[in-house]
Amino acid sequence: MGGQKFQYDESGGTFFYFLISFLALLLIPGTYCWWPSADKEDSRRGEAECRCDGCKKKKQLRRSSDSWKGIKRLFIKLILLAGWVALGYLTYRVFQFDYEYANFDPYDILGVKMGAKESEIKKAYRKLTLIYHPDKETGDEKAFMKLTKAYQALTDDESRRNWEKYGNPDGPGAMSFGIALPSWIVEKENSIWVLGLYALVFMVALPTIVGMWWYKSIRYSSNQVLLETIRTYYAFIPLTPFMQLKRVIMLIGASYEFERRFNSEIVERESDNYEVPKLMKQIENLGEKNRERPLCYKYSIKARALIHAHLSRIPLNPETLDRDRMYVIKKCPALINEMINCVVQLIKFSYYSGGESKFIYIETVENCMKLSPMIVQALWEHKSPLLQLPYVTEDTLRCFNNNKRQIRTLIQLARLKNEDRRNMFRFLTDEEYEDVMKVLGRMPYLDFSVKSEVIDDDTSTVYTAGATVTVTCTLWRRNMSILFGDEKGEKVETYEDKNNAKLAAEKVAAQQKPGKKAGKGKQRNERKLIKEQIHANAKKSNSAASTKSKESTGSMILNETPEHTSSEKSNVGNGNISKTQDTNSEDDDDDWEKFQTGANKRDKALEGRSKVSHSVHCPYFPEDKQEYWWVYITDRKSRSLLTAVYHVTELVEKEEIQLKFTAPKWKGVYTFTVCVRSDSYLGFDQMHDIKLDVQEAPEVPTEHPQWQISDDEEESKDDGNSSDGSEFTTDEDVDEEDLNIDPN
């Protein structure tokens, strides 16, 4: 048997396999992830946008700013296509290589059977030579060489024996291991270039790329906000525990994302020296005289002025300040969300520190949340929410207020009849009115339900002091177009109707309280008479003990229905047992559903949270904005936050959120508020009150009945003797005389 040989790939066939594997590993996931799909997004965004002037201007600006993205998409497509072409070419070469260098079979080449005579082999060789000889018209040099080699292998006795025994005319060959690299890599004249390439890639390019990525990543948080900005938030929020809305704007404007030293994308122009002061004169209560650092820096005052101009919809120079405004506004949602996280963390710290730090009011968090829809819609808080619709301005708002009705919310507008609604938009053409209805119909109509319980407790609806209360909020999101069903006579109950009905029910309940008390007294008297009658019948009966037990069971059931006879009592008791079994089975089903729900939630959490929900109509916001929500629980009396703020980013139709907090330490009835706030629209915030009747926590028993060990058992354990009974005793006292135990 021959030895082993290690050799480089001289023909290049093995190296082709390496290149095919390498390209396939890059191209298959790269094409799936990097193939540009912005054309579909643009078409979907075009269907959602209206034809108002703001949306047209936003669309043109996005196209002009994204012009380089078209070149980038084309470049990516060309690279991917070139990679697939190279992969196809290499595959073709490997296929040809395998075909040319297939296993050598002389019998198959000559077309004779194995074990054929030499005369048959010569005859077949002459016949094929006339066909494949290079001098003939049908000649093939490669086929003739293979034919000659096959003839020589079968006519030579030793070669024929080697072929039949080893499958090779030359006999047993050495085992060879091919290295999938061409031989020119290790040639002496190419060593300098190969080493230079290795040094450039692994010693220069790779460390540089990793270092740049690491230096950039350590400067930002998970929300892509500078850590220096977060430190500024943590420093200023405790100074103003009750932070007004304008103070929040000042702090947002002081973010280091707008400072040239920390962000190279910021552009500083000479025109700012006269354009910014001119803009500041148009704004009231800007706070430019504030001397706190960095609130008094030039970049901070400029960013603050641009935010005020955006909220007031002041026209700016499209070549200078308007570009800066769009950049500042684009950064604001992430900064606001990070500020909310900072406030929540400070509230937690003040709670766990036992009052050592300053108390931060819930209004600070809510003012931060109010700023987000204001930024997206370019409106102040006190403005009418109808201004979020296209073609509606301050001058046309008077059309929505007349002697008959006053429309103040978008839900009221959506619930109008088509004729009345069209009459209010009489200043619009049919195409413009169609755009208004399209935008209004795609706005959110949100409804939610709240369920509070104590999980992992036998009595989940009983709230004890210090227990962990779990509040499950289920959000349903539908389009506002479901309220356009007035022509069909349909009516959808909104949360405003529910609140009005709740207030009316409370008024009726307050008026009927005396009557209810009288009714309860009458029911107590009836129950008392029924019990006396049952006890009298029980005394007269002289049945057996078993019958007495049945009658006692029946009497407990007949507290509500005294018409049953004694024979019916046992049937009712059996029915009660069956009902108990049904209840147990239902509880098991509920537990199984809870387990499945928890498993689905865990799987969903592992998959990651999506950032796609519904596109928001926001012509003044420079980018496409998705519709998000905040959910949290507060105590309005103490003005405190009870739970962390949950940011809902994937509400398409339905979303279920669980919020947990600790019940109060003192007994009493408490009212808490579940709040849902939009980060994209004004006028869509909702609140739901929950009442908890907190009971005193049961005392923890110092001695459990099963932990009480008798003295005799202790002595028996000390003596090493085993007892016949159980090693635990019950609460009942044990009589030694009945057990025939000698105390001595």
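Which residue in β9 is the bridge partner of Thr470? Select Thr470 and look across to β9: the partner is Lys660.

**Before you click**

You're looking at a predicted model, where local features need pLDDT of at least 70, side-chain atom pairs count only at pLDDT 80 or more, and totals for chains, interfaces and linings use all residues. Residues are numbered from 1 along each chain as its sequence is written, and side-chain values use heavy atoms, with hydrogens and water left out.

Colour by secondary structure and you'll get 24 helices and 11 strands. Helices (H or I, at least four residues) and strands (E, at least two) are DSSP runs, numbered from the N terminus. The protein has 744 residues, and 35% of them are buried. Buried means under 20% relative accessible area, exposed means over 50%, and partly exposed is in between (1.4 Å probe, protein chains only).

**Stop 1**

Select residues 468–479, which make up β5. This strand and β9 pair in the antiparallel sense over 9 bridges; two strands pair if DSSP finds at least two bridges between them. Click Ser452 and you'll find Val471 of β5 standing opposite.

Together these strands make an open sheet in the order β3-β5-β9. β3 (444–453) and β9 (654–662) are at the edges with a single partner strand each, so one side of each has no neighbour in the sheet. Neighbouring strands here are turned by 20° against each other on average, direction ignored. Axes are lines fitted to C-alpha atoms, for helices over the stretch in contact, and angles run from 0 to 180 degrees between N-to-C directions.

Is β3 largely enclosed or left open by the rest of the structure? It's largely enclosed, because 8 of its 10 residues are buried.

**Stop 2: strands around β11**

Select 686–695 for β11 and 463–464 for β4: they pair in the parallel sense over 2 bridges. Thr464 stands opposite Gln695. Next, show β10 (residues 668–678), which pairs with β11 in the antiparallel sense over 9 bridges. Thr673 has Asp689 in β11 as its bridge partner.

**Stop 3: rings**

Show the aromatic side chains. Rings of Phe, Tyr and Trp (its six-membered ring) pair if their centres lie within 6.5 Å; planes under 30 degrees apart count as stacked, over 60 as edge-to-face and the rest as tilted. That rule gives 14 aromatic pairs. In one of them, the rings of Tyr297 and Tyr299 have centres 6.3 Å apart and planes at 45°, so the pair is tilted. Tyr297 is partly exposed at 33% relative accessible area, while Tyr299 is buried at 10%.

Compare Tyr670 and Phe672, a stacked pair with 6.2 Å centre to centre and 10° between the planes. Tyr670 is partly exposed at 23%, whereas Phe672 is buried at 3%.

Back to the tyrosines: ring pairs link Tyr256, Phe262, Tyr297 and Tyr299 into a cluster. Phe262 is in the loop between α11 and α12 (272–280) and is partly exposed at 22%. Phe262 and Arg219 are 43 residues apart in sequence, but their C-alpha atoms are 9.7 Å apart in space.

Two more rings have a charge sitting over them, meaning NZ of Lys or CZ of Arg is within 6 Å of the ring centre and within 35 degrees of the ring normal. Arg421 has its charged end over Phe484, 4.9 Å from the ring centre, and Arg422 does this over Tyr433 at 4.7 Å.

**Stop 4: helix pairs**

Select α6 (residues 118–132) and α7 (residues 141–155): their axes come within 10 Å and cross at roughly 170°. That makes α6 roughly antiparallel to α7. Angles under 35 degrees count as roughly parallel, over 145 as roughly antiparallel, 65 to 115 as roughly perpendicular and the rest as oblique.

Finish with α11 (residues 245–253) and α15 (residues 362–377), whose axes come within 9 Å and cross at roughly 70°. So α11 is roughly perpendicular to α15. Show side chains where they meet: among them are Leu245 and Ile249 in α11, and Leu371 and Met374 in α15. Contact means heavy atoms within 4.5 Å.
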